[in-house]
Amino acid sequence: MILNRASSRLLCSFLLAGGLLSACGTESALNQPVATTESIPEPTVSSEPSPSPVPVGGPISGLTGLQVPEETALPRPLSIMINNAPAARPQSGVSEADILYEVLAEGGITRLIGVFQSHTGVVKIGPIRSIRPYLIDIGESHGGVTVHAGGSPDAYAILQRQKKEDLDEIGRAGAYFWRDKDRKAPHNLYSNTAKLREGSEKLGYAQDTPVPGYLFNNPDAQPTGGQAAFEFNVNFLLKSYDVGYKYNVERATYQRWVNGKPHLDLNNDHPVEAANVVVMGSDHKVLDDVGRLQVDVELGGEALLFQRGEIIQGRWSRKPGDIIRFVKDGKEALMYPGVTHILIVPNAPSFNSHITYPGAEKTT
């Protein structure tokens, strides 16, 4: 892949500003994979049993389209900032998030945002890290209480000026987090849904807020109009953040891989998987010498939707006060019931340069 001079400067600035000078040589954005035209691989088949049916009687989640076991109202979501540095892997609780985002932070690293609502008894979530303005925006779009440990000056200004309902480990919510002695700081901060909901209640936060939901397809419906895509790769900037997804026919999910290895949840050794994976392109801008970013999560742009072994080309769109939605031919696409992953990649040097899947056209 060939980068023009301006694109090269933009990508290296992510790395240089984050103190990763050597990355422009060894883990450079110039080494991103390009789309291939190799033959379509066979989908993987797991020996694991399919998930057990959910007991009848619980509400339907607008985030997953699935019925939940509890016969009570779904709680307010928790939008948790999860550390994704190599030293923080494998993470805990990520397989039980209803929605999982991945988006760049400074220095070429990425942050995960787990939106937790359906699974109310997650015993350990983390490691938990700091927040940025666009991460606040993403988390709150689902009606969630944002959970973090510290943040950028701009993020704190927003939290304080707008009196946001957040749980900050280095603020007044510190009692609802703990440090794990088996890991080194700052990759050892954790909490769980019980502690976080207790903290939210004691701080007087609203327990019943509007939670925008997706439109869901019949789980037995066959996808139409898509191109076969049983696996694909996404690269953000650094080689250590190469993400892969492989379709599992028996589970009807894409199972996530990181740097060539299955992404497993440390809590239960379960695969991190999704029924729907959206990869969306966004304008990124470096704001300062530290490498802090401005990431557009409002204006819309190119996007790909992977589900049921197929890829659909479309766009992402977002109305004021709403969540990010995938749109095809001017209409919101139906999601399949289950977990959704949303990966936000830069539009530079091009949206498609960050994605590799069989049959894709090569772009620069």
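A: Begin with contact, which means heavy atoms within 4.5 Å. Among contacts in the protein chain between residues at least 6 apart in sequence, 64% join residues at least 24 apart. The model is predicted, so local features need pLDDT of at least 70 and side-chain atom pairs count only at pLDDT 80 or more, whereas totals for chains, interfaces and linings use all residues. Residues are numbered from 1 along each chain as its sequence is written, and side-chain values use heavy atoms, with hydrogens and water left out.

Q: How many helices and strands does the secondary structure of the protein chain have?

A: Helices (H or I, at least four residues) and strands (E, at least two) are DSSP runs, numbered from the N terminus. Here the chain has five helices and 22 strands.

Q: What share of the residues of the protein chain counts as buried?

A: Buried means under 20% relative accessible area, exposed over 50%, and partly exposed in between, with a 1.4 Å probe and protein chains only. Of the 364 residues, 54% count as buried. Gly330 sits in the loop between E19 and strand E20 (331-332). Its C-alpha lies 9.0 Å from that of Gly314, at a separation of 16 residues in sequence.

Q: Why is strand E2 described as largely enclosed by the rest of the structure?

A: In a regular strand the side chains alternate between the two faces of the sheet. Strand E2 (residues 99-104) is largely enclosed because six of its six residues are buried. Ile99, Tyr101 and Val103 are buried on one side, and Leu100, Glu102 and Leu104 are buried on the other, so that both faces of E2 are covered.

Q: Which strands pair with E2?

A: Two strands pair if DSSP finds at least two bridges between them. E2 pairs with strand E3 (residues 110-116) in the antiparallel sense, over six bridges. Within this pairing, Leu100 has Gly114 of E3 as its bridge partner. The two strands form a hairpin with five residues between them, and Gly107 in the turn has a positive phi of about 75 degrees. E2 also runs parallel to E21, to which five bridges join it; there, Val103 is partnered by Ile344.

Q: How many bridges join strand E9 to strand E10, and how many join E9 to strand E22?

A: Strand E9 (residues 231-235) and strand E10 (residues 242-248) are antiparallel, with five bridges, and Asn233 stands opposite Gly244 of E10. Six residues link E9 to E10 in a hairpin. Two bridges join E9 to strand E22 (residues 355-356), also in the antiparallel sense, and Val234 stands opposite Ile355 in that pairing.

Q: Which residues of the largest nonpolar core touch the most other members?

A: A nonpolar core is a set of buried Ala, Val, Leu, Ile, Met, Phe, Trp, Tyr and Cys residues joined through side-chain atoms within 4.5 Å. The largest has 56 residues, of which Tyr101, Phe232, Val277, Val279, Phe306 and Ile344 touch the most other members. A second, separate core of 22 residues includes Leu112, Phe116, Val145 and Phe177. Setting aside residues up to four places away in sequence, the neighbours that Val277 touches include Phe232, Tyr245, Phe306 and Leu343.

Q: What lines the largest cavity?

A: On a 1 Å grid over the protein atoms alone, a cavity is a set of points where a 1.4 Å probe fits but cannot get out; a pocket is an open set with protein on both sides within 12 Å along at least five of seven lines; lining residues have an atom within 4 Å of a point. Grid points are joined across faces, edges and corners, and a volume is the space filled by probe spheres set on the points. The structure holds one cavity of 30 Å³ or more, and the largest cavity contains about 40 Å³. Tyr214, Val278, Ile324, Arg325, Phe326, Met335, Thr340 and Ile342 form its lining. Strand E19 (325-328) and strand E21 (340-346) each supply at least two of the lining residues.
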